[in-house]
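Okay, everyone, thanks for coming.

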Amino acid sequence: MKSLAELKAIRDKAKAELDMRKENPNAARVLVGMATCGIAAGARPVLNAFTEEIAKRGLTETVTVTQTGCIGICQYEPVVEIEVPGEEKVTYVKVAPEMVSKIVNDHLVHHTPVTEYTIGAIK
């Protein structure tokens, strides 16, 4: 970092990401499993991809991103659960950062879960 402006930009970005994690009872929730098994399987880049994609699309008022402990299906990590008020909870498994844009667009914007990424699609 070479200037005070750079430091301010870093602070503003971090603050925006923290604000996105505040609970809003009317917001959709993205829960990323961040227990040891999830972190080892790559959940941190998935969490970061969700926060970046949601911020990029301006959904921070209607979507909350949070981390949770063990979801209980370690063999399917990284696991992401999405809860939209008035809709059934959807569990996405083996989530990679490349999948996040499609999940946000289809599920959170257009309310159509990406079934090929869900636990029900695993054979």
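Predicted model: local features only at pLDDT ≥ 70, side-chain atom pairs only at ≥ 80, totals over all residues.

I'll start with the overall picture, then go to the core, and finish with the charged side chains.

Let's begin with the layout. The protein has four helices and four strands. If you trace the chain from the N terminus, the elements come in the order α-β-α-α-β-β-β-α. The radius of gyration is 15 Å, close to the 14 Å that the globule rule gives for 123 residues, so the protein is as compact as a globular protein of that length. Along the principal axes, the C-alpha trace spans about 55 × 30 × 25 Å.

How much of the chain is buried? Of the 123 residues, 37% count as buried. The accessible surface comes to about 7100 Å², and 55% of that belongs to carbon and sulfur atoms. As for contacts with a separation of 6 or more, 64% of them come from residues 24 or more positions apart.

Now, the inside. The largest nonpolar core has 26 residues. Those with the most contacts inside this core are Val30, Phe50, Ile54, Val80, Tyr92, Ile103 and Leu108. So which elements each supply at least two residues of this core? They are β1 (28-33), α3, β2 (63-68), β3 (80-83), β4 (90-92) and α4 (100-109). Helix α3 gives the most, with six residues.

Let's stay with α3 for a moment. This helix covers residues 43-56, which is 14 residues. From first C-alpha to last, α3 reaches 20 Å, close to the 20 Å expected at 1.5 Å a residue. The buried residues in α3 are Ala43, Val46, Leu47, Ala49, Phe50, Thr51, Glu53 and Ile54. Just after the helix, Gly58 takes a positive phi of about 70°.

Over to α4. Leaving out residues up to four places away in sequence, Ile103 touches Phe50, Ile82, Tyr92, Val95, Leu108, Val114 and Tyr117. His107 is found in helix α4 too. Is His107 buried or exposed? It counts as buried, at 1% relative accessibility. With sequence neighbours up to four places away left out again, His107 touches Ile82, Val84, Glu87, Val90, Tyr92, Lys102, Thr112 and Pro113.

Last topic: salt bridges. How many does a search of the whole structure find? Seven.

In one of them, Arg57 pairs with Glu53, and the closest N and O atoms are 2.7 Å apart. Arg57 counts as partly exposed at 33% relative accessibility, whereas Glu53 is at 10% and counts as buried.

Salt bridges that share partners join Lys8, Arg11 and Asp12 into one network. Asp12 meets Lys8 at 3.0 Å, N to O, and Asp12 meets Arg11 at 3.2 Å, N to O. Where do Asp12 and Lys8 sit relative to each other? They are four residues apart in helix α1 (residues 4-20), so about one helical turn separates them.

Note on methods. Residues numbered from 1 in each chain as written. Heavy atoms only, no water. Salt bridge = Lys/Arg side-chain N within 4 Å of Asp/Glu carboxyl O. Buried < 20%, exposed > 50% of the residue type's maximum accessible area, 1.4 Å probe, protein only. Expected span 1.5 Å × (residues − 1). Core = buried A, V, L, I, M, F, W, Y, C linked by side-chain atoms within 4.5 Å. Contact = heavy atoms within 4.5 Å. Rg over C-alpha atoms; globule rule 2.2 N^0.38 Å. Areas by Shrake-Rupley, 256 points an atom, 1.4 Å probe, with all protein chains shown as cover.
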